[in-house]
Amino acid sequence: MQETLATSTLLAPSRSSISTQERFSTAGQTSSTGPQPSRLSIIPPPSKSKGWNSGTKVRRMRRIIAEDPEWSLAIVPLLTELCIQHIVKNFQNNPILKQLLPEHQQKVLSHLSPELPLAVTANLIDDESYWRRCCLQRWPVCHVARHGGSWKRLFFERHLENLIKHFIPGTTDPAVLLDLLPLCRSYVRRLCVHQLLPPVQPPAPPRSGELSDSGSEGETEEPATDHYQLRDLVAGLSHLEELDLVYGVKDCGMNFEGNLFLFTYRDCHSLAATIKACHTLKIFRLTRSKVDDDKARILIRSLLDHPALEELDLSHNLIADRGARAAAKLLSHSRLRVLNLANNQVRAPGAQSLAHALAHNTNLISLNLRLNCIEDEGGQALAHALQTNKCLTTLHLGGNELSEPTATLLSQVLSVNTTLTSINLSCNHIGLDGGKQLLEGMLDNKTLLEFDLRLSDVAQESEYLIGQALCANREAARQRTLNPGHFMSPIVAKGPENPAR
Amino acid sequence: MNPPGPLGVLEEKEEEHLSTPILGPSIHSDNPQERIQARRLRIAARLEARRREALGEYLDGKKESEEDQRKSYKQKEESRLKLAKLLLCGTELVTNIQVATDIREIHRRVEEEEIKRQRLEKLENEVKTSQDKFDEITAKWEVGKQKRIPQDLWDMLNTQQVHCAGLIEDKNKLISELQQELKIKDDQYVKDLKKQSDDICLLLERMEEQVKHVMKTFRQELNYIEKAFEIERQELLTSNKKKWERALQAHNAKELEYLMNRIKKAEDYEKQLNRQRMWDWEEYNMIKIKLEQDVQVLEQQLQQMKATYQLNQEKLEYNFQVLKKRDEESTVIKSQQKRKINRLHDTLNNLRSKYAKQIKQFQEENQSLTSDYKRLVMQFKELQKAMRHFALIDDKQFREIWLMNEEEAKDLISRAFDVDRIIHTHHLGLPWTAPDFWFLRNVGPISQQPQKSATQIVEEVLMQAEEEGTEEAASEAESYLDLPRQISPKTTRKILMLLCDESGFLVESKLLSLLLPLEKNECYLLRLDAIFSALGIESEDDLYKLVNFFLKYRVYHSPSSQEQTSLLSALEPGEQPDLEGQKEESLVEGEPEEKEAPPSPRLIHPNDVLKILEAFVMGLKKPRDSRAPVKLKYVRDNSKDSAYWEALTTVIPDTTQNLWDALYTALEKYHLILTQRAKLLIENNSLEQQNTELQMLLQKYLDSKKQGSVEM
């Protein structure tokens, strides 16, 4: 009966105002009681429409119709609707999506539940909105931009990370991970695992040192604390580009134990073999994992002549000069663009070897040696290398016990080098004179955009002046990037640089 | 310790995220077109501003117009700088924590290193001392083994125990120390953890604060920029509205004007239309009437035409009949004509054969006639020859007769003179002078003086020249040589010699070779002969003309030989009329000239000779051509004959006769008186009678002569 009423309103819109008004109000009520709640919000309340004449009402109705694509007078849903509902309901058993028309596909996808098993959805559904719903349901905070803007990729990567994070060797079934492999193989590009759990050690059985240990020095008791072997998993992920690992336990709090953070030699060898086999890998990070010289050398040896590797991050480890030398060798045997050795134990010899490699390198863009102890010898070597290097743009030498001699050399570098854009010399003992020299070098430089001299005993005046010069450089750089074509930089010295970019 | 790093990065990224929307669409309009437009305008303004900034030129004129654009641009620039500064400061504030922890870590490390070193030293010392002690103890064990006395051994063992206890105590002490340190470190760790959490809290706080602050300022700046754009837009809108209204007003005014114009035009056209319609109506009526009249006339004509047509038809039918009949007749006539033609053909054939026959006949006749004609020509030639012969003979006869008569007359005259003399001397007693008349000296027919050819003259001249030295006087006596006398023979000779020398080319080479052995004079003569024949000089006159020409040429042209043609033209008219009549005159003319300038042919340059000759030949040519036929038929001039003879008769003048008459009368009287003289008188009478007879005879002869000359 409601339906007929509604149709009659449509069919006879030019009746007397009162009757239509009544009918319309009833129709509005019926529709408001209908299953679609969205209609309710759009249709104006009947009280408001009172007193309007019929013409405006008709227009009003039409406007409603135009604005809501799903609005329909038919209360009995269409057959397609019913079918779609059925498909949604039985999607787990009988997934039908590709055969549908695009609009129907859209409808189905918008009604699918995010709890469907991955085996069904993984390779079938590409729709981002669905995966967005899945992600938002599982994790409150999602940075989709870090996953290439793809919600599906984000979902699989975080799902896999979660699984690996909570994988306990020996107790968890490896098939859990390997089963997922065919589903996520083509979506996962980045693996960011900040926790790898050691096997659960029952307190009762005695530790058998010879099982995993092959030649560790200090540790007399070497328990079988090997972590999950990533080899099979990584071999299965054909598009993996980034691997970020931390061999450690998160949130241990007061349950801290030394052996929770052990990166064993077997782990190391296995990881080395893994990354060597993964030819698509571009970024490799292994941080906070107690990687010492030997392990670093094992890893770096496997990375020599890697076809794709661009970034290597071994920060927050225990790498000393030998590891740094290995890294220097890697610089000349790969296309590494970013090298991060922050918070290690690199000293002057290691820095010198790095500088030697850097002098003729044409790939490295960024070098981070924060919180090492390269001292003036290493700093001078690096500065010498920078006089010939034409590629490096970012250099971080914060907290390296550097002092005036390095500053003197660096000021010379600043006036010569035209590629460096960022230098960090914070937490050093540059001193007042060093600051002045750096200021002098800075006045000749037109490319540097960042120069951090905080807490390095530099006079405030020179720091301020350096800041002014940086500001000017930044403005010039902005102008150049905004219109590189017809904008002639006012500084003639930069002329030759413009066409190069 | 580490978390600040990545968190800071995250923070920065977040900030970047926040900063991007500012660059996005800042004009919130419902119309996407408008937004696009606004964005384009903004981009253009930005580019413009940047370029101007770069070039450092601020054009005052443009500044005014672009003030609105600049306002928003300024606002944007300000906001950008402010925000950049804010971001930089905020980042620094946040990263300060990291830096602080870094430096703390460094300090800690330095301290740690120091402590570690000390601890190691201490441990090493400890190891050394304990080793010493241990060595001591072990040494004592050896000593103890040698002790046999249990007391000693016990003592020693006790001491050993004490030593060991001391060692262990030391060790324990060390261990406890280390454990103490460890505990302290544990506390430190806990503290560090707390500190870190505090740091992190601070970091988070700062980050949040920064985020808030930045968000706020960004919003604010966004608002400012929006406001600036809004104001700009409002201004633009109002100005555009104004413009639009103005345009609309103008448009309306124009529209009205057009409408008025249109109405006016429509009225005009309507009027014109009406007028046109009236006019057309009248015209239509007129034409209609005229056409109706025309129709009537044409109908009449049609009727007439029909009548004539019928008439014509009848006529034609009649004609047809007639023609038919005529045709029949003509067929008959044709057959007749054919027959006639046949006949005529026959006659034609006959006539042709006749004609051929006649041609043959006439050819024969013609041949016979031509042979006759040839014969007659021959006869005529013979006749001519005979005539010439007779003419010569006649001439000779005439001459003879003339001479005879003259002789007779002269005899008579001499007798008369004698008589007169006698009369005068004897009878009258007067002195008698013999009258000297020209005709008395004449011998032979008058004007039949032989025309000497040029060569003859030349010969004469040459001869004369030779004899010049001896017989100069003799030459002057000759009468016919009087003519060249005006030009001295010497001169003539020289001219001729010159001519001979210069114009040797006119002489044939064969002749020259023949002339070589001859005498000089003869040689000259022959040469001149040849030259004259070449030049066409035949008569004496020509020769003299030539000589004269030379002289005149010299006179006129000695200063300049260029006036040769003018001389020629001057010469021609003088020479051209009757040559024979003019002869005397020209000669007379030449006389004074010669006197004035004695001829010195030396003055004639040999080179001029040819020119003179050329001019002469040119001048001579014409008159000669016209004169040539006259010369052939030389008719003797007998005009002077009668005068001559008359003169002869009147040799004795009337006065004398009168005298004689008077004398006669007197003598008669005297006769009468003197009868003696009667006989003489009779004689005289007879003589007179004889004379008359002779006169008669002469008359007769002359008549016959005339007839002869007419015949010629």
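Buried area is taken here as the accessible area, for a 1.4 Å probe, that two parts lose on being put together, summed over both. In the predicted model, chain A and chain B bury about 2,300 Å² between them on this basis. Carbon and sulfur atoms account for 54% of that area. The contact draws 26 residues from chain A and 26 residues from chain B. On the chain A side, the greatest losses of area to chain B fall on Leu371(A), Cys427(A) and Arg454(A), which together make up 23% of what that side buries.

Charged pairs also occur at the boundary between the chains. Across the interface of chain A and chain B, 3 salt bridges are found. A salt bridge links Glu475(A) to Arg80(B), with the closest N and O atoms 3.1 Å apart. Over all chains, the structure holds 33 salt bridges.

A further salt bridge lies within chain B, where Glu105(B) pairs with Arg109(B) and the closest N and O atoms are 3.0 Å apart. Both residues belong to helix α4 of chain B, which spans residues 67–146. Glu105(B) and Arg109(B) are separated by 4 residues, about one turn of the helix. In an unreviewed entry, UniProt annotates residues 103–140, 168–210, 256–386 and 677–707 of chain B as "coiled-coil region". In the model, residues 103–140 of chain B are 100% helix and 0% strand.

Within chain A, a helix pair was examined. The axes of helix α9 (residues 128–138) of chain A and helix α10 (residues 151–165) of chain A come within 8 Å and cross at roughly 35°. The crossing of α9(A) and α10(A) is left-handed. From α9(A), the contact is made by Glu128(A), Trp131(A), Arg132(A), Cys134(A), Cys135(A), Leu136(A) and Arg138(A). The α10(A) side contributes Trp151(A), Lys152(A), Leu154(A), Phe155(A), Phe156(A), His159(A) and Asn162(A). The residues of this contact between α9(A) and α10(A) comprise 8 nonpolar, 2 polar and 4 charged.

Note on methods:
Residues numbered from 1 in each chain as written. Chains lettered and ligands numbered in written order. Predicted model: local features only at pLDDT ≥ 70, side-chain atom pairs only at ≥ 80, totals over all residues. Heavy atoms only, no water. Axes fitted to C-alpha atoms, helices over the stretch in contact; angles between N-to-C directions. Helix = DSSP H or I, 4+ residues; strand = E, 2+ residues; numbered from the N terminus. Left-handed = near helix turned anticlockwise from the far one by under 90°. Contact = heavy atoms within 4.5 Å. Nonpolar A, V, L, I, M, F, W, Y, C, P; charged D, E, K, R; others polar. UniProt positions renumbered as here; feature names shortened; annotations may be inferred. Salt bridge = Lys/Arg side-chain N within 4 Å of Asp/Glu carboxyl O.
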